[in-house]
Amino acid sequence: MPQSPSRRKFLRAAAASGLVPISAYASADNAAQLVLPTATKDVTPFKVQVPQAALDDLKKRLANARWPERETVTDWSQGVPLAKAQALVEYWRTHYDWRRLESSLNALPQFRTQIDGLGIYFIHVRSKHERALPVILTHGWPGSVLEFLQAIAPLVDPTAHGGRAEDAFHVVIPSLPGFGFSDKPTESGWGLPRIARAWSVLMRRLGYTDYLAQGGDWGAGVTTWMAKQHVEGLTAIHLNLPILFPPPVQGEPNQAEKATIAQLVAFNDKGSGYAKIQATRPQTIGYALADSPAGQAAWIYEKLGEWTDSNHEPEREISRDEMLDNISLYWLTNTAASSARLYYESFATDFSTQRVDLPVAVSIFPGEVFQPPRLWGERVYSRLFYWNEAAHGGHFAAFEQPAVFVEELRAAFRALPRGG
C-alpha cells in the first residue's frame, strides 16, 4: 500500500534516530525491491526471501510487454525468434513459481560474508565422508549458482549416487560479485584477479587449507587466475572452458587447430555482440534489461539456445522452469548491469590465455562455443593431468548434464594423486 506523506516522514525521522532499522524503511518505501542484509566478516546464515510485491510487479510487467515485429529470417541468426520469446514470457507470467526455487535454495546451507569490502553469497555443503576433497565451483554469465544445484548431492554423497566414498567433495558455490545474492561492486577493479584472491580468502575462512577449484565461462577465468596467482591452499583445478584464446599456435596449424580457429573466428564475427556491448557499455544495456523482464529473458534465453548441445532447442536439455529460475534470479536481484560490468573489467584483458604450472584438468563438451585441441592445453598448462571430451553437454555443463559433469569431476580428480 502506498505510504502517506506523514507515514514516510515518520519513517525517515525514526530511521535517522535509530528507532527502526534503515532496511525497514527501505523495504516499506520500495516494496518491490529485494534488500540484502549487510554482510560482515562473520560467515552468516542466509535465507532467500523475495518480497511478494516484487513477484507481483514482475507479473504486471510481463503482462504489459511490448513486442517488436517478427524476425525476417527462419532461424536464430537475428536473435531469439519472436514466437520463442513470447512462449517463454507467457509461461513465466502464467505458470512459473519462484517460491518453488526459493524453497529448494532455503533447504541448502546458504551464507554471506564480507570479503574485501563486499558481501559474498555462497552455498556450502559438507560431505559426511571423512576424506572428502574441498572444491569451490564458480559459475559464469549468464549463469549462476543454480547451474550446480543438481550436482551437489552426487558430489557430496557419492555412495548414494553411483560413486565411491573416495569420490566425495565438500562443495562451496559462491555467486560472483554483482551476481545473484552477492553485493554489487560500487567501484572499478573487481576483475578476475581480485575475485580469485577473494575466493582464496573465502576458502581459508571456511577452514580449508588444501582445496580444488572448478569453473566454466567466467568461472574458468576465476579458476585459472587462482592457479596463475598460486593462491594459498589451491592444489589443482578443473576447467570445462579452458581459456585458450588467442590460440597458442606454433608454426603452421594442423587440421584440428584450423577447425578450432574457424570456430573462434565465427564466434567473434557472428556471436560476440552481447560481449562487446557488455564490455564497453554495461550501464547502457543495464537500463533496458533492468526495466524489461521480457528483454532480460530474451537476453539470457538466446545464450541458452546457442550454447547448449540442443540445436537451438534448449528445452531439450534444461527445463523451462530451470531456465526461468536462472532468468528470475537475474531479474529479482536487478543484476543485469552489475553482472555485465565483469565484461568491462576483464573481457579484453584478464580473460585470455594464461600459462599455469599448477595441476590442471580439462573436460571438453561438444556443445561448447569452441572445442580446443589437447595440443593447445599442453602448450599452456605445464602440469596437464587430465583431458577428456565428453559425449554430451555444452557451455552450461552442470546445468545441462549434471550426471556427466559429476563424472567428469570424479574422473579428473581420481587421476590426481593425493597431495597433487
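Predicted model: local features only at pLDDT ≥ 70, side-chain atom pairs only at ≥ 80, totals over all residues.

Residues are numbered from 1 along each chain as its sequence is written, and side-chain values use heavy atoms, with hydrogens and water left out.

Where does T224 lie? In helix α8, residues 218-228; helices here are DSSP runs of H or I, at least four residues, and strands are E runs of at least two, numbered from the N terminus. T224 is buried, at 2% relative accessible area; buried means under 20%, exposed over 50%, partly exposed in between, with a 1.4 Å probe and protein chains only. The C-alpha atoms of T224 and V360 are separated by 9.1 Å, though the two sit 136 residues apart along the chain.

Now β5, residues 169-174. Six of its six residues are buried, so β5 is largely enclosed by the rest of the structure. F169, V171 and I173 point one way, while H170, V172 and P174 point the other.

Which strands does β5 pair with? Pairing takes at least two DSSP bridges between two strands. β3 (residues 118-125) runs antiparallel to β5, with four bridges, and β4 (residues 133-138) pairs with β5 in the parallel sense, also over four bridges. V171 in β5 is the bridge partner of V125 and of V135.
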